[in-house]
Every structure is written in structure tokens, then in C-alpha cells.
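Dear colleague,

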Amino acid sequence: MFLGEYASWGNTYYNALVEAAFMTGLQNNAHAVGLACYAPMLCNVDYINWKPDLIWFNNHEVYGTANYYVQKLFMNHQGDQLLEIKANGFTVPEERKAEAITGAISLGVDASAARYSEITLVNNVTGEVKTYSELSEEVSNLPDPAQNGTAKRTLELGETEWESYTLNFKATRTAGNKGFVFYFGKADDQNHLYWELGGWQNQDSIVASIINGRNSVLTHSMFTVETDVEYDLKLEVSDRHIRTYINGELINETEDKLPVIEPLYYTASVEDSTGDIILKTVNVQENSVSAEIILEELAEKNLSIEVYELSGYQLEDENNFENKEFVSPKQTNFTTMGSSFSYEFPKQSVTIFRINKN
């Protein structure tokens, strides 16, 4: 498999940290992942299409992001052969109770205007039906604010505590070049889910989750919204399972699974040219993790170890032209009196050991 483009949505230290954890999974699945490529790579600050970008520049200067330094660490310390690595003794990650998706529901638009009608909310368990006939009206969020007039940006349907429900409605785009956005399970602006229809360049239908302002796409399908065409839409939510339908056809189906955070994310390899063993470890937790590293087949052999580490940063820290290497790795060295050593991995850190066994 060639993973042609991957990145998380941002250039903060948080983004670099979680990308590093993800990349340990790429390396551990090297039998299946032949190539992987971060993208986008370059951005001129005077012509920004999107974010993230790995390297930012203007006419005179350039800097690498926190994401860039993670990519550089993994590139310079890749290894040629995957090594078996096992962990034990860590506290088993606790799975959070998967509560049903409840909360506020609203209908909106993105770079468009739309008319909604025949809105109903059905309790899938009891059959109870709520109707919103008084909300059959136009909403508008066009790029030119003057074109929006007095139209609302969203239709608010209020909150529901139902754990299994179906939202039925009709939608027609009346102006604009994108499509619709339907919010559900909304606690606040920073925590909710949404179904976007006619999103990226009016080409797709996605279901996404926003947690603490950070967005994750759960599933993606292709779809283009046309102006003055009425769509019969349906959103089904049951516990944490989500289905979307357009004109009776299933378009998206997904489950909003809660993450289970591992104590450490790790991978190991050996470099053929030097014989060095390379151990990459990522701690995404808010506390440090102590571990004993044992190289079982190198008994009684002293080791010289180089350590490259990203740590000590706030999750929202970023590099910029004024401080180009604010988030960047530090290097230290130590030796062992045998083929094992203890290490305390700092909270929210990326640590790479290059172990010279000669």
C-alpha cells in the first residue's frame, strides 16, 4: 500500500505528536505499507490555500513546522529491518463508557444558501415524532455577507436526549457553490458531530467529529450538490452508529468510536549500514511513563545510546518566522553497563533512541 497523503489538521505541537504516534503504526505494519508521504509540503504565507503545510516560506525566509521535525526524525532514524518489540507491565488502558450521541441539532450551509422543509425527528425506539413545520425557511452563509440579507445561518432544532433517532427533511440549495452542513450531538461549538454534504470543492459527503475544536473525518463519500434540486435527506443516529441517506440511498455509514489511549506507542528497527538499533517511542499522555528497555539478545553488552527527543512543549505551540526552531528536537547521549536501561518518557513526547551495540 502507498499512503499517498496523510497529515493531521494543524501545525501545532499536538498535531506533530499525534502524527508521530500514527507513524509508529505505519512502521509496525511495514509488511503492508510500502510507501507513505506527508502532504501538503510547501506553503507561501502570501498564498494560503489550507493548513497544515510541512514547510512555510516567504520571499526571504523559510521554517519547518513541528510536524516537519517529526518527519525529519523518522526519516533520519528509519532503519531497514523491523524488529520484534513487546511491552508488558503497563497499566491496561481504560475504555471510556461509550455513551449515546445526544445533544443539540441544527441545519446550516457552507458558502451557500438553502431552503429546508418537512423537518421531522423520530424516536426509533418509541416511534414518537417531533415536527418543525414552523422552521421551513431559508438559511444563508454566502461568502459575500451582503448577499445573506436577514436570513439565518442555521435552523436550530433544539436538544434531544433520545439515544436512537432519525432526522428527516428536505433541502434545496438556492445559491452558492458548496452545500449543506447538519450538526448533531452538539455540546458546544468545540464539541459536536456534523454531516457535510457538498463540502470540499462541492465533491463529497462526510461525517465528522469535533472534540475540543479538533476535527476528525469518520467517513467520506463522493457527492455533488446542484442548485434548485430538492434532496430528500435522512440522518440516522443509534447509540454511536451513524447513517446518512440521500433520496433513499445510503451514502455514509460509520461509528464514532471513543479512543483508547495506549500507555506508549512504539516501534523498533535495525539499520543495516551501521548495525544501530533504532527505537521510536511516543507518549501522548498528560503524565510521564517509566519503562525498562531490555535488548534480550544482547546480554551483558554495554551500549552507547543517542537520544533525540521532542518534549516540554505546550500542545498549542507552533514555530514561526520569529522563532523558527521553537519546537525542535534536542539530542543527548548516554552509555549503559549492560543491555538494558531505564528511561522516563516525558509527558507528550517523541523519543528516538539510536543504540550502538558495537
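**What was found**

Residues 24 or more positions apart supply 66% of the contacts (heavy atoms within 4.5 Å) that the protein chain makes at a separation of 6 or more. Please keep in mind that this is a predicted model, in which local features need pLDDT of at least 70 and side-chain atom pairs count only at pLDDT 80 or more, while totals for chains, interfaces and linings use all residues. Residues are numbered from 1 along each chain as its sequence is written, and side-chain values use heavy atoms, with hydrogens and water left out.

The protein chain holds two helices and 24 strands, where helices (H or I, at least four residues) and strands (E, at least two) are DSSP runs numbered from the N terminus. Of its 358 residues, 46% are buried, a word that here stands for under 20% relative accessible area, with exposed being over 50% and partly exposed in between (1.4 Å probe, protein chains only). Along its principal axes, the C-alpha trace spans about 80 × 55 × 35 Å.

One part to look at is an open sheet of six strands, in the order β6-β18-β19-β24-β21-β22, with antiparallel pairing, where two strands pair if DSSP finds at least two bridges between them. At its edges lie β6 (81-82) and β22 (330-335), each of which pairs on one side only. Helix α1 (residues 13-28) packs on this sheet, where it touches β6, β18, β19, β21 (304-310) and β24 (349-356), and its direction makes about 50° with that of β18; axes are lines fitted to C-alpha atoms, for helices over the stretch in contact, and angles run from 0 to 180 degrees between N-to-C directions. Within the sheet, six bridges join β18 (residues 265-270) and β19 (residues 277-283) in the antiparallel sense, and S269 stands opposite I278 in β19.

Elsewhere, strand β20 (residues 289-294) runs antiparallel to β23 and is joined to it by six bridges, with S340 of β23 as the bridge partner of I294. In a regular strand the side chains alternate between the two faces of the sheet.

Why does Q348 count as buried? Q348, in the loop between β23 and β24, counts as buried because its relative accessibility is 9%. Leaving aside neighbours within four places in sequence, Q348 has contacts that include Y13, L17, N283 and L310.
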